[in-house]
Amino acid sequence: MTEPKPVVVIADPLAPAAIEVLSGDFDVREIDGTNVESLHAALVEADAVIVRSATTINAAALEFAPKLKVIARAGVGLDNVDLPAATERGVMVVNAPTSNIVSAAEQAIVLLLASARHTARADASLREGRWDRKKFTGVEIQGKTLGVIGFGKIGQLVTTRMQAFDMNVVAYDPYAQPALAAKLGVKLVSLDEVLAAADFITIHLPKTPETVGLIGEENLKKVKPNVRIINAARGGLIDEAALAKAIKEGRVAGAGVDVFDSEPCTDSPLFELDQVVATPHLGASTREAQDNAGLAVAKSVKLALSGEFVPDAANVQAGGVVNEEVRPLLALSERLGKTFTALANSAVQSVTVEVRGEVVNHDVSVLQLAASKGLFADVADSVTYVNAPLVAEQRGVEVGLYTSAESPEFQTLVTLRGALVNGKSLTVSGTISPTPHHELRLTEIDGFELDIELDGSLLFLRYTDRPGVVGLIGGTLGDLNINIAAMQVARKAAGGEAVMAMALDAPVPSEVLGRIKDSVGATGAKAVTLED
C-alpha cells in the first residue's frame, strides 16, 4: 500500500514557483486561510501550513492541528503566528528573513525621490486636468546629505544606491562597526548629529521599546526645516502626530511614509498634508520579494518534513535537533546575549561564548547561535538562530565558542566575554538553577557576583558604593509607579564601584532612564526586557 503524501496547506496566495517546489513530494491543498472554519478544517490533516500576512495561526488554530510539524511564514515577520504556542507543541516555525531586503530598500528610495519631486501630487493634479508646473517645484538630491538611522543590511543597501546619486551619507547606529561604515564611505555619528546635518533622513531600525517614537516631538526640533523624512521600516518609529505638526509649522519640508503605528491605516494626520507621500506598506510588495519568500519557505518545509536541519527555523528548540540537556541553555544563552548588548556602552567587536560543565560532552554549538540571536535581537530585524551569524558578519562582529568540562562553582555555566569597539571589555555569566524550578539566573557582570532571575524587566546601575543608594533608587522608582520585585547589590570593596541589578514589575521607559541614573549619581544605567 502506497504511503500517503504529507499534507501541505497553503493558506494564503503563494508564488507559482513555490507551489511547484512542493507539488511533487506533497499533497498540496490551497485554501482561504482568512476563513477560520476552512482553516481549522484543513489543519486537521496538515503536516505543514504556509501563510503570508492574511492568515493567523494562533493557539486556537493549533488545537485543530494534531499532525502539524511546520508553520511557514512566506515573509519576514511572525506577527500572525503564535510562536510560543507553536514551540510548546513542538511545531517548527520558519520564515524568510532576508527575502525582501532589496525591495524594502528600493521602496525607501522611491519615497525619497517622490518626496523630493512631489511626484504623487503632480500625477494626481495632471490626471485632474491641471498643468501646474510651478506648483510642484522640487529639490535635487545631488550633493545633499542623507542621514541613515539604522545601518544594518537595508540601511547599507540604501546607502550604496544613494551614493550613486552623489549624495553624502552620514549614519547613526550604536551597534554598527566603524570599519564597515568607513569601507562604504560613511561616517558614523550621533543621532543628534544626523538630525542636524541631514537634508533627507531615512529610518531602518527594528521596532523595540527603545526605538518606538524615536522621531518624535523633541527630535523633530533638531532637524533642518528643509529636511524630508522617510520611513519604510516599521510603523511607530515616527510619532505621526508630531511629524504632521512639524510639517504644518514649516519645521519639516516633507515625508515619505510606507508604514504606520496601526495597520491597516486609512486615517492619519499625515494624509491631510500635500507634503507627504504615503503608501500602504508596500516595502515587500514586489513580485521578486514574494517569489523569494515563497521559494525560501517551500524549501524549508521540504527540509523540515524530511527530518533535516532547517536554516530559517525561528524556534530551533522545536526542531528536535538539540540534545535535551542542551535545550534549556538556548534561552539562557539568548538572554545573556540580550543582556550583554543592553549593558555594552559601545558597538561590539567580538564575543566568545564560553560553556562550562559536563553538558559540553554534547554538541553545544547551537548555544553560539542562541547567544548571537540575543546579541542582535534589539539591533536588527528578524534575527533567527541561523541568520544570526550573517547579521554578525554584516556588522563585523566575531562570535566564537569555547568549551570546558571544568566548572568549579556551577554544574553548568555560560559566559559571554566580549571586546567592545571603545577598547573596553564586558563579561556576563549565567546558569540554570537546580530542580524543580530550572530558573535562568544571572550570576556575574564584569566580576561582580549576582544571583537574579534572567526574566522580565531588569534594570542595572553602576555607581560608587555609599550609604543611602538603595533608598534613593527605591524612592525614584516609587515616584514612577514602578515596583521592585527583586534586588541584588554587588561590590568588590567597600566604597568602590558597585553594581545593582533589579527585577521590576514593569519596563523602564527609555525617557526616564536618565532621571533614574541621575537620582543616584550612577555612572551607568541600563534596562533590558526579556521574554517570559
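Start by selecting A388, which lies in helix α15 (residues 388-394); helices here are DSSP runs of H or I with at least four residues, strands are runs of E with at least two, and both are numbered from the N terminus. The model is predicted: local features need pLDDT of at least 70, side-chain atom pairs count only at pLDDT 80 or more, and totals for chains, interfaces and linings use all residues. Residues are numbered from 1 along each chain as its sequence is written, and side-chain values use heavy atoms, with hydrogens and water left out.

A388 counts as buried because its relative accessibility is 0%. Buried means under 20% relative accessible area, exposed means over 50%, and partly exposed is in between, for a 1.4 Å probe and protein chains only. Not counting residues up to four places away in sequence, A388 touches L369, S372, K373, F376 and V383; contact means heavy atoms within 4.5 Å.

**Q177**

Next, select Q177, in the loop between β7 (168-172) and α8 (178-183). With a relative accessibility of 8%, Q177 is buried. Show its contacts, leaving aside neighbours within four places in sequence: L188, A347, V348, Q349, R395, G396, V397 and V421.

Go to helix α1 (residues 16-23) and colour A18, I19 and L22, which are buried. They are on the same side of α1, because they cover an arc of only 100° around the axis; the arc is that of the directions from the helix axis to the C-beta atoms. An α-helix has 3.6 residues a turn, so residues three or four places apart point the same way. P16 and E20 are exposed on the face of α1 turned away from its buried side. To see what covers the buried residues of α1, display elements including β1, β2 (27-30), β3 and α12 (287-305).

Move on to helix α2 (residues 36-43), where L39, H40, A42 and L43 are buried. Their arc around the axis is only 165°, which puts them on the same side of α2. The buried residues of α2 pack against β1 (7-10), β3 (48-51) and α3 (59-62).

**Two helix pairs**

Two packed helices are described by the angle between their axes and the distance between the axes. Select helix α5 (residues 101-117) together with helix α7 (residues 153-163): their axes come within 9 Å and cross at roughly 50°. Axes are lines fitted to C-alpha atoms, for helices over the stretch in contact, and angles run from 0 to 180 degrees between N-to-C directions. α5 and α7 are therefore oblique to each other. Angles under 35 degrees count as roughly parallel, over 145 as roughly antiparallel, 65 to 115 as roughly perpendicular and the rest as oblique.

The crossing of α5 past α7 is right-handed; a crossing has this hand if the near helix is turned clockwise from the far one by less than a right angle, and is left-handed if anticlockwise. On the α5 side, show I101, V102, A104, A105, A108, I109 and L112, which meet K153, I154, L157, V158, R161 and M162 of α7. The residues of this contact of α5 with α7 comprise eleven nonpolar, no polar and two charged. Here Ala, Val, Leu, Ile, Met, Phe, Trp, Tyr, Cys and Pro count as nonpolar, Asp, Glu, Lys and Arg as charged, and the others, Gly among them, as polar.

Then select α16 and helix α17 (residues 510-520), which pack at an angle of about 150° with their axes 9 Å apart. α16 and α17 are therefore roughly antiparallel to each other. α16 also passes α17 in a right-handed crossing. In this contact, V469, L472, I473, T476, L477 and D479 belong to α16, and R515, I516, S519 and V520 to α17. The contact of α16 with α17 has six nonpolar, two polar and two charged residues.

**Backbone stops**

Most residues other than glycine have a negative phi, and most peptide bonds are trans. Select D166 in the loop between α7 and β7: its phi is positive, near 70°. D166 is partly exposed, at 44% relative accessibility. N481 is in the loop between α16 (469-479) and β20 (484-491), and has a positive phi near 60°. N481 is exposed, with a relative accessible area of 71%.

Finish at P264, in the loop between β11 (254-257) and β12 (276-278). The peptide bond to inspect there runs from E263 to P264 and is cis, with omega near 0°.
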